[in-house]
Amino acid sequence: MQSPRPSGLKSLGSTTGRFRRWWNHGDLPFRAAIALAGILVLVIVLAIGRELWAHSILPREKFGLAFLTTSTWDPVRQQFGALPFIIGTIETSVLALIMAIPAGIGVAIFLAELAPDWLRAPLGTLIELLAAVPSVVFGLWGLFVFIPDVVKPLGNTLHSAFSFVPLFDGPVYGPSRLAASMILAIMILPTITAVTRDVFLALPRTQSEAAFALGATRWEMIARVLVPQSLSGILGAVILGLGRALGETIAVTMVIGNNPDLSASLLHPGYTMASLIANEFSEATNETYVQALIEIGLVLFVITLLLNMIARLLVWRVARRFTGGTA
Amino acid sequence: MQVRGLNFYYGNVRAITDVNLDVPEHRIVAIIGPSGCGKSTLLRTLNRMSDFVRRSRMDGEVLLDGENIYGTTVDVVDVRRRVGMVFQRPNPFPKSIYENVAFGPRMLGIRNRGDLDGIVERSLRGAALWNEVCDKLKESGLALSGGQQQRLCIARAIAMEPEVILMDEPASALDPVATSKIEDLMRELRESYSIVIVTHNMQQAMRISDDTAFMNVNSQRSGHIVEVGPTKRIFTDPQQKETEDYITGRFG
């Protein structure tokens with residue numbers, strides 16, 4: 001068979017040759033596939049937002065902003081106010097973060113810097129396994145083991161010691177916001193730990209050496225170099241944990257008590273947006289009720305987006321402050 | 001500072017064999033030799049940065065003011081504060097120029113702003129960097145050029161007022177102009193400190209050092225000092241054939 005081109009080299013200069021080379025190397029198909037994937041992500045997010053918006057038109061028109069600020073949720077009288085659920089979601093998630101962040105960073109420091117070699121890999125794997133436990137199992141264990149054995153006694157102690165603080169008002173319930181927060185903390189701990197550990201391990205050796213050569217103790221190296229330089233990565237880990245906490249449904253539903261209680265007490269039952277949707281979607285029989293639940297979904301979606309954006313902004317500012325342009 | 005009978009092992013491999021070396025005050029000692037002969041390893045035993053090498057051990061003594069820095073009662077943190085180190089690649093912290101220099105003093109518990117300001121200025125002047133950065137102390141150390149970053153690292157080291165400064169090929173990542181600035185600086189630093197420099201660059205050793213130690217690997221691939229003496233004599237009248245071969249470029 002005769003080649004249409006006498007010389008391979010010459011063909012590189014011709015238009016068809018150049019196109020062929022470009023095509024053969026896969027630049028065009030690759031670029032197209034990647035662009036498509038990127039656009040798809042945007043389209044999906046926008047489509048979810050649009051659908052939630054479009055299918056919640058009835059309660060939005062009927063209640064307006066009052067949907068967010070009132071606390072009566074009465075499907076029989078067609079009154080829908082989401083405030084207790086919004087507060088419940090944010091309160092449990094933030095409390096879970098407050099508990100999980102120090103623990104997660106501590107474990108990550110141990111894994112990355114202090115643990116003996118033989119312990120690092122097994123412990124790291126165990127923590128990653130914790131993230132793979134299905135959330136319904138966490139819920140079940142929370143309800144039958146963790147609440148009676150840990151949360152209830154802890155609640156009693158807190159109440160008897162700090163009963164003057166509204167946060168620890170009685171009576172002490174088992175299923176409560178405290179229980180939900182603690183279960184959430186345990187569930188997001190592996191995420192925060194694993195990501196933070198990887199961030200710590202990515203610290204260039206030259207940086208820790210610089211600190212040690214100046215006479216830093218291990219603690220000083222960790223506190224003055226490792227953690228400050230890993231801040232943006234730690235924030236990323238926290239965002240991931242927060243995302244999981246905000247949306248976590250079944251485990252929270254099983255341990256929070258599902259009562260739209262507006263008291264400040266952590267020892268009382270609460271209710272979250274995700275739990276509400278899970279509990280009521282099957283019994284929502286009329287259009288306004290269904291759409292009210294969809295609007296709850298919209299609110300949860302927007303809160304998640306907003307918190308993510310705020311956290312991204314933080315990461316970006318911190319990163320800029322520390323690297324000073326060139327890095 | 002004196003090194004006496006020092007052996008260093010990675011696992012079962014003896015990387016350095018029986019090194020004896022004197023670092024007199026206010027002198028620059030250069031350690032030269034081919035790649036892999038243990039120059040950097042030797043340097044790192046002098047401030048116990050070698051402690052971080054896994055499965056390594058050493059025997060012998062490194063005396064600082066007559067005291068063995070590997071002695072059981074010695075605080076390694078204290079050793080590193082008295083023996084500063086500058087690395088091959090500039091490694092400033094991603095902090096401001098000021099905070100880079102103030103890093104060590106802050107660890108010593110110096111909080112007073114005036115004291116810190118004084119130390120920072122003195123150290124930056126000592127590292128011949130003050131005039132270039134005095135109006136931008138709040139800017140990131142990483143925004144400086146490579147040569148400036150290395151002088152910042154020197155300033156950071158001398159802020160601790162060490163007795164000895166160790167330099168591990170401090171100019172090998174720099175261009176010739178930046179290199180000559182570092183060399184000028186080293187001659188000034190000699191007034192106040194003892195300096196040990198590891199270098200690949202024999203011209204550099206010749207230009208700046210008072211004494212030179214030539215290291216080589218022996219038949220067991222272990223590093224040892226072949227010859228040590230005043231730089232002028234090592235380069236003009238080496239006593240050993242190996243040294244002569246190396247400095248005349250016949251190998252290495």
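Modeller: Helix H7 (residues 117-132) of chain A and helix H9 (residues 177-201) of chain A pack at an angle of about 135 degrees, and their axes are 8 Å apart. This is a predicted model, in which local features need pLDDT of at least 70, side-chain atom pairs count only at pLDDT 80 or more, and totals for chains, interfaces and linings use all residues. Residues are numbered from 1 along each chain as its sequence is written, chains are lettered from A and ligands numbered from 1 in the order in which they are written, and side-chain values use heavy atoms, with hydrogens and water left out.

Colleague: What are the axes and angles, and what counts as a helix?

Modeller: Axes are lines fitted to C-alpha atoms, for helices over the stretch in contact, and angles run from 0 to 180 degrees between N-to-C directions. Helices (H or I, at least four residues) and strands (E, at least two) are DSSP runs, numbered from the N terminus. Angles under 35 degrees count as roughly parallel, over 145 as roughly antiparallel, 65 to 115 as roughly perpendicular and the rest as oblique, and H7(A) and H9(A) are therefore oblique to each other.

Colleague: Is the crossing of H7(A) and H9(A) left-handed or right-handed, and which residues meet?

Modeller: A crossing is left-handed if the near helix is turned anticlockwise from the far one by less than a right angle, and right-handed if clockwise; that of H7(A) and H9(A) is left-handed. Contact means heavy atoms within 4.5 Å, and on this basis A:Gly124, A:Ile127, A:Glu128, A:Leu130 and A:Ala131 in H7(A) meet A:Ile186, A:Pro190, A:Thr193, A:Ala194 and A:Arg197 in H9(A). By class, these residues are six nonpolar, two polar and two charged, where Ala, Val, Leu, Ile, Met, Phe, Trp, Tyr, Cys and Pro count as nonpolar, Asp, Glu, Lys and Arg as charged, and the others, Gly among them, as polar.

Colleague: How is chain A divided into domains?

Modeller: Domain bounds come from an automatic or database domain assignment, and here they give domain 1 (14-54) and domain 2 (82-323) of chain A. The centres of these domains, taken over C-alpha atoms, are separated by 36 Å, while five residues of domain 1 of chain A are in contact with four residues of domain 2 of chain A.

Colleague: How many residues does the contact take from chain A and from chain B, and what area is buried between them?

Modeller: Buried area is the accessible area (1.4 Å probe) that two parts lose on being put together, summed over both. Between chain A and chain B about 2100 Å² is buried, of which carbon and sulfur atoms give 58%, and the contact takes 22 residues from chain A and 25 residues from chain B. In chain A, A:Ala213, A:Leu214 and A:Arg224 lose the most area to chain B, together 31% of what that side buries.
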